Amino acid sequence: MSNVFDRILVTGGKGMLACAFKQRFAGGQLNVKFADRTICDVCDEDSVKRAFHDIQPTLILNCSAYTKVDLAEKEQAAADQCNGYGVGHLASLCRDYNAMLVHFSTDYVFDGTLSRPLQPGDPLGPLGAYGKSKLLGEKLLQENAPARWLILRTAWLYGPGGPCFPATMVNVAKQGKPLKVIDDQHGTPTFTYDLVEATLNLIHLGANGIWHLTNSGETTWYDFTAAILEEFDLKTDLSRTTSADWKKLKPDSAHRPAYSVLDVTPYEQFTHLPMPGWRDALHRYRTALEQPAAL
Ligand SMILES: NC(=O)c1ccc[n+]([C@@H]2O[C@H](COP(=O)([O-])OP(=O)(O)OC[C@H]3O[C@@H](n4cnc5c(N)ncnc54)[C@H](OP(=O)(O)O)[C@@H]3O)[C@@H](O)[C@H]2O)c1
């Protein structure tokens, strides 16, 4: 990456996506600080100011987030603090320090009523508290935007270093427990390592603005689970359910979009690079878990 970014601050430095950046930057020459909330609490403007003063970053990769989608229904204020106002704090400080801000958002800012791959400019309408908080962050970033910024919407993210859907499915299957999985929500699983690579490509090529970055293709949670069991050579009783029946079973769960496939064509046309397919990515996830050095 360009020398312009000689001091990089990764917020949420112990999270799953941050872990993928850590793996990517390992052994390299870049000056990267992975900051957890004890060093940079995005909800606390003074903490963010101190971190900027101490680190003098030229590029911020904001991997911090409140990511408990269901719990957010009861904790809207906490989700807004981190995913909304926290992003506003980072944007303001980036403007003061003339630093670039790279922020990650979600397919859950869409309501899922369109049934074709979604463009960055498509109408927004989050169904749940988490999506609302992420949309607030997008708005506050743009209102306080530094000269260079990226909002990268991704979806169904998984990778080493964090609790994630595939890891949960593998654990349940290993215990021989049955799995009942929603089959009427369509989206695209995204491997953190591929998101990291695509992010660095956009930064390197001077991109600005809102982009959609997922693996390519689409699936349902049910078919994704079937692929996970196949990839990890696991057998267990796997059955389908619907969003409506799931909501009856788990009344406190958040509504999620029925269709939130994000269109990655603009990224592919801009970079002249393909986004790897989600099934191939799942295979590389297994490899990463088994032999991290192999990637
Ligand atoms: N996971 C997904 O399926 C998914 C899908 C679409 C988009 N995304 C987006 O992708 C990005 C990365 O997600 P992820 O899966 O890597 O999340 P993650 O594993 O939950 O990591 C988030 C990190 O943020 C930290 N954090 C929480 N509140 C903070 C605060 N006030 N100040 C500083 N750090 C704070 C957390 O620390 P603590 O452990 O101390 O709370 C955690 O280490 C997020 O923007 C998320 O919204 C994720």
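## A tour of the predicted model

Of the 295 residues of the protein chain, 43% count as buried, and since this is a predicted model, every value in the tour is computed from its atoms. Colouring by secondary structure brings up 10 helices and 12 strands. Among contacts between residues at least 6 apart in sequence, 81% join residues at least 24 apart.

Next, select helix H1, residues 16–25. Its residues Met 16, Leu 17, Ala 18, Cys 19, Ala 20 and Phe 21 are buried, and what covers them includes the strands E1 (8–11), E2 (32–35), E3 (59–62), E4 (100–106) and E6 (157–158), together with helix H6 (192–204). Just after H1, stop at Gly 27, where phi is positive, at about 80°.

Two further stops concern backbone geometry at residues that are not glycine. Most residues other than glycine have a negative phi. Is Gln 56 buried or exposed? Gln 56 counts as exposed, because 12 C-beta neighbours lie inside 10 Å and a residue with 12 or fewer is placed in that class. Now move to Asn 98, in the loop between helix H3 (76–97) and E4; Asn 98 is not a glycine either, and has a positive phi of about 50°. With 10 other C-beta atoms within 10 Å, Asn 98 is exposed.

For the last stop, select helix H5 (residues 165–174) and helix H7 (residues 221–231), which pack at an angle of about 60° with their axes 10 Å apart. That angle makes H5 oblique to H7, and the crossing of the two helices is right-handed. Which residues of H5 and H7 meet? Showing side chains on both helices, one finds Pro 166, Met 169, Val 170 and Ala 173 in H5 meeting Thr 225, Ile 228 and Leu 229 in H7. By class, this contact of H5 with H7 has 6 nonpolar residues, 1 polar residue and no charged residues.

Methods. Residues are numbered from 1 along each chain as its sequence is written. This is a predicted model: local features need pLDDT of at least 70, side-chain atom pairs count only at pLDDT 80 or more; totals for chains, interfaces and linings use all residues. Axes are lines fitted to C-alpha atoms, for helices over the stretch in contact, and angles run from 0 to 180 degrees between N-to-C directions. Helices (H or I, at least four residues) and strands (E, at least two) are DSSP runs, numbered from the N terminus. Angles under 35 degrees count as roughly parallel, over 145 as roughly antiparallel, 65 to 115 as roughly perpendicular and the rest as oblique. A crossing is left-handed if the near helix is turned anticlockwise from the far one by less than a right angle, and right-handed if clockwise. Two residues are in contact if their C-beta atoms, placed from the backbone, lie within 7 Å. Ala, Val, Leu, Ile, Met, Phe, Trp, Tyr, Cys and Pro count as nonpolar, Asp, Glu, Lys and Arg as charged, and the others, Gly among them, as polar. A residue is buried if 20 or more other C-beta atoms lie within 10 Å of its own, exposed if 12 or fewer, and partly exposed in between; C-beta atoms are placed from the backbone.
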